[in-house]
Amino acid sequence: MTRVLVLNGPNLASLGRREPEIYGGRSLAEIEADLRERSVALGVDLRVEQRNGEGDLIDLIEAETGRSDAVVINPGAFSHTSVALLDALRAYPGVVVEVHLSNTFRRETYRRVMLTAEAADAVILGLGASGYAIALEAATRMVRERGELPR
Ligand code: DQA
């Protein structure tokens, strides 16, 4: 079974309440429930995590080698700032799909730098919560094209 971790970075636990005009009205729990349903149809073994801390995210990614075939990550603001998170993603051998709810290129200029995207096989921007479902499907397809990693 294809193993996928969906990992959310800082401030994403407050989705639905936080700037809904930018990020939409769906909570992370609602997004997770939708992904769980889809994972059954896709035949994916899904885990969903959220951490606010940069080091916590890095610890999780470090532990993913041998544990998952793909990581779907919304690094939140760390996407724009964290070389350390980029390095952790570069060291991860599986498929990486980065997702952002908003189109960061249409916002403040400081959001145009996307450091972590360098480590991503694909980046999805501006589709709101449905970006996660598309990212999960794309990550699963890429894993199956490449072959699952040794466990
Ligand atoms: C975000 C975009 C980031 O710039 C921002 O800091 C977030 C959310 C998004 O999903 O659109 O926390 O990653």
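# Setting values against cut-offs

Trainee: What makes β2 largely enclosed by the rest of the structure?

Mentor: Five of the seven residues of β2 are buried. Buried means under 20% relative accessible area, exposed means over 50%, and partly exposed lies in between (1.4 Å probe, protein chains only). This is a predicted model, in which local features need pLDDT of at least 70 and side-chain atom pairs count only at pLDDT 80 or more, while totals for chains, interfaces and linings use all residues. Residues are numbered from 1 along each chain as its sequence is written, and side-chain values use heavy atoms, without hydrogens and water.

Trainee: What makes β1 and β2 a pair?

Mentor: Two strands pair if DSSP finds at least two bridges between them. β1 and β2 have seven bridges, in the parallel sense. Asn8 stands opposite Gln50 in β2. β3 and β4 also run parallel, joined by four bridges. There, Val72 has Val97 in β4 as its bridge partner.

Trainee: Why are α3 and α5 called roughly parallel?

Mentor: Their axes cross at roughly 5° and come within 9 Å. Angles under 35 degrees count as roughly parallel, over 145 as roughly antiparallel, 65 to 115 as roughly perpendicular and the rest as oblique. Therefore α3 and α5 are roughly parallel to each other.

Trainee: Which residues make that contact?

Mentor: Glu54, Leu57, Ile58 and Ile61 in α3 meet Ala84, Leu85, Ala88 and Leu89 in α5. By class that gives seven nonpolar, no polar and one charged residues.

Trainee: How do you know that α6 has the span expected of a helix?

Mentor: Expected span is 1.5 Å times one less than the number of residues. α6 (residues 130-146) has 17 residues and reaches 24 Å from its first C-alpha to its last, close to the expected 24 Å. Gly147 follows, with a positive phi near 95°.

Trainee: Which parts of α6 are buried, and what do they pack against?

Mentor: Gly131, Tyr132, Ala133 and Ala135 are among the buried residues, as are Leu136, Met142 and Val143. The buried residues of α6 pack against β1, α2, β2, β3, β4 and β5.

Trainee: Why is Asn8 called buried?

Mentor: Its relative accessible area is 0%, so Asn8 is buried. Asn8 lies in strand β1. Leaving aside neighbours within four places in sequence, its contacts (heavy atoms within 4.5 Å) include Leu28, Val48, Leu57, Asn74 and Tyr132.

Trainee: Why is Gly43 called partly exposed?

Mentor: Gly43 has a relative accessible area of 23%, so it counts as partly exposed. Gly43 sits in the loop between α2 and β2. Not counting residues up to four places away in sequence, Gly43 touches Met1, Thr2 and Arg144. Glu118 is 75 residues from Gly43 in sequence and 28 Å away, C-alpha to C-alpha.

Trainee: What is the phi of Asn11, and what is that of Glu19?

Mentor: Asn11 has phi near 70°, positive in a residue other than glycine. Glu19 is not a glycine either, and its phi is about 35°. Asn11 lies in the loop between β1 and α1, and Glu19 is found in the loop between β1 and α1 too.

Trainee: How do you know how accessible Asn11 and Glu19 are?

Mentor: Asn11 has 43% relative accessibility, so it counts as partly exposed. Glu19, at 36%, is partly exposed too.

Key:
Helices (H or I, at least four residues) and strands (E, at least two) are DSSP runs, numbered from the N terminus. Axes are lines fitted to C-alpha atoms, for helices over the stretch in contact, and angles run from 0 to 180 degrees between N-to-C directions. Ala, Val, Leu, Ile, Met, Phe, Trp, Tyr, Cys and Pro count as nonpolar, Asp, Glu, Lys and Arg as charged, and the others, Gly among them, as polar.
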